[in-house]
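Please look through the sequence and the model shown here, and then read the short report that follows.

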Amino acid sequence: MTTTTNASPVPLLSAAELNVTFPGRRGAPSSRAVDGVDLDIGAGEIVALVGESGCGKTTLARTLLGLVPPSRGRVTFAGEPLGYGARSLKAYRKRVQLVLQDPSGSLNPRHTVYDAVAEGLRIHGHQGDERAAVAEALSRAGLRPPERFFLRYPHELSGGQRQRVVIAGALVLEPELIVADEPVASLDASVRGEILALLLSLRDELGLSALVVTHDLGLAWNIADRVAVMYLGRIVETGPVEDVLTDPQHPYTRALLSVLPESGQTPVVLMGEPPDPSRVPGGCRFHARCQVLASGEAARAGVEERCRTESPPVLTGGPAAQVACHWATAK
């Protein structure tokens, strides 16, 4: 578990009332992949965005990167609204870099490590010493001595080394924030800890901020300062990692935590699959799968009808612990 950093009171990256809607095909209803999200990331802070597959977390991350324009709402970086013109996006993507899940798919097998890391410098017209910048990025990513890796190809590297090359390709542009989408999902357990330790050291040494997208609350516990739990396009619980993961309030967060071996809990089996985002249910969007509602606890708390008919309020993006759940706030 990490210690909380002295993050700036002004968010480095902020999403406000963010919505992303994809039109349905052949007259089908549109899909609300991101539905009214507020999320802040402070300078020098690691935020974990957690949820099941299909909950909208990757779409949210791509929207924060400027790869998907929002249908409504806005993204701001360092207090300035994100522009979607080619020049604005190019400047923004130098400051905010993406680290993908699968390093094999991120690296061109015909490019050497040197060329893979130097690509960003060339795209952005770097005027300094390219060789020195590539060497520094590889060294920061833990590939030392860096010159030893310059002429290697991806197939000559281990999975952990390939992921470090991908991270070096992001670091070479000296970004202020990285978005890491399942950064260790494809790695062996023995290597996962090394990559997580690297991300933490980059935060501590460079003041680098990060949004880590993952389905794994155990990973969030080991790396994040704050966690945001996403379900069906919305953040349903957020706050400091110690608060959310030691005393989860939302039934969905409790269910996700219960399946971790170290939790010591009986795993909660959620009913059915997540609803189709083109057919978001009324009331609390989790109510059809909620173990608290099914067990009668919501009725005993006097909120059963509200759970079925009234949507909880959208959470703000601030640092305090928050939960969007009628039962949790009525306890």
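## Terms and basis

Two strands are said to pair if DSSP finds at least two bridges between them. Helices (H or I, at least four residues) and strands (E, at least two) are DSSP runs, numbered from the N terminus.

This is a predicted model, in which local features need pLDDT of at least 70 and side-chain atom pairs count only at pLDDT 80 or more, while totals for chains, interfaces and linings use all residues. Residues are numbered from 1 along each chain as its sequence is written, and side-chain values use heavy atoms, with hydrogens and water left out.

Strand β7 covers residues 177–181, and because five of its five residues are buried (under 20% relative accessible area, with exposed meaning over 50% and partly exposed in between, for a 1.4 Å probe and protein chains only), the strand is largely enclosed by the rest of the structure. In a regular strand the side chains alternate between the two faces of the sheet. In β7, L177, V179 and D181 point one way and I178 and A180 the other way, and all are buried.

On one side of the pairing, β6 runs parallel to β7 and is joined to it by four bridges, with A180 of β7 as the bridge partner of V99. Strand β8 (residues 209–214) also pairs with β7 in the parallel sense, over five bridges, and here I178 has A210 in β8 as its bridge partner. From β7 the chain crosses through helix α7 (residues 189–206) to β8, and this β-α-β crossover is right-handed, a term for a path from the first strand over the helix to the second that runs clockwise with the strands pointing away from the viewer.

## Backbone exceptions

Most residues other than glycine have a negative phi, and most peptide bonds are trans. E182, in the loop between β7 and α7, has a positive phi of about 45° although it is not a glycine, and it counts as buried at 11% relative accessibility. A78 likewise has a positive phi, near 55°; this residue is found in the loop between β4 (72–77) and β5 (80–81) and is partly exposed, with a relative accessible area of 41%.

The peptide bond from R144 to P145 is cis, with omega near -10°, and P145 lies in the loop between α5 (130–140) and α6 (159–171).

## Position of L100

L100 sits in the loop between β6 (96–99) and α3 (103–106), where L100 is partly exposed, with a relative accessible area of 38%.
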